[in-house]
Amino acid sequence: MTARILVIDDDPVICSLLTEKLRRLGYEAQAFQTLKEGVTTAENDAWDVVLLDIHMPDGNGLEHVPQIVK
């Protein structure tokens, strides 16, 4: 089974680089550039790893860790 990795970062270059590299390594990867979209996706789907930026325009990533872990 392929690990699923969710990237939540407001920098589009970081999102693109990480998802491309992760996919080349054989992982399923998806990226979102807002906490709202990323947290909603994390709540509605199962992810093995979440790469989360702390300083986001729409909030502090650390404050959303409990929601993501659920």
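A salt bridge is a side-chain nitrogen of Lys or Arg within 4 Å of a carboxyl oxygen of Asp or Glu, and in this structure Arg4, Glu28 and Asp45 are linked in a network of such bridges. The structure is a predicted model, in which local features need pLDDT of at least 70 and side-chain atom pairs count only at pLDDT 80 or more, while totals for chains, interfaces and linings use all residues. Residues are numbered from 1 along each chain as its sequence is written, and side-chain values use heavy atoms, with hydrogens and water left out.

**Salt bridges**

- A search of the whole structure finds three salt bridges.
- In one of them Glu28 pairs with Arg4, the closest N and O atoms being 3.1 Å apart; this pair links distant parts of the chain, since Glu28 is in strand β2 and Arg4 in strand β1, 24 residues apart. (Helices, H or I with at least four residues, and strands, E with at least two, are DSSP runs numbered from the N terminus.)
- Arg4 also meets Asp45 in a salt bridge, with 3.1 Å from N to O; Arg4 lies in strand β1 and Asp45 in the loop between α2 (35-44) and β3, so the pair ties together parts that are 41 residues apart in sequence.
- (Buried means under 20% relative accessible area, exposed over 50%, and partly exposed in between, with a 1.4 Å probe and protein chains only.)
- Glu20 forms a salt bridge with Arg24, where the closest N and O atoms are 3.8 Å apart, and because these two residues are four apart in helix α1, they are separated by about one helical turn.
- Of this pair, Glu20 is partly exposed at 40% relative accessibility, while Arg24 counts as exposed at 63%.

**Helix α1**

- The 13 residues of α1 should span 18 Å at 1.5 Å a residue, and this agrees with its end C-alpha atoms, which are 18 Å apart. (The expected span of a helix is 1.5 Å times one less than its number of residues.)
- Cys15, Thr19 and Leu22 are buried in α1, and, seen down the axis of α1, its buried residues fall within an arc of 70°, so they line one face of the helix. (The arc is that of the directions from the helix axis to the C-beta atoms.)
- The face of α1 turned away from its buried side carries the exposed residues Val13, Leu17 and Arg24.
- The cover over the buried residues of α1 includes β1, β2 (28-32) and β3 (49-52), where contact means heavy atoms within 4.5 Å.
- At the start of α1, a side-chain oxygen of Asp11 reaches to within 2.8 Å of the backbone nitrogen of Val13, and just after α1, Gly26 takes a positive phi of about 100°.

- Asp9 is placed in the loop between β1 (4-8) and α1 (12-24).
- Asp9 is buried yet has no salt bridge, and the nearest side chain of opposite charge, Arg23, is 15 Å away. (Lys and Arg count as positive and Asp and Glu as negative, while His and the chain ends are not counted.)
- Not counting residues up to four places away in sequence, Asp9 touches Ile14, Cys15, Phe32, Gln33, Asp53 and Met56.

Technical notes:
Polar contact = N/O pair within 3.5 Å; in protein donor to acceptor, adjacent residues only side chain to side chain.
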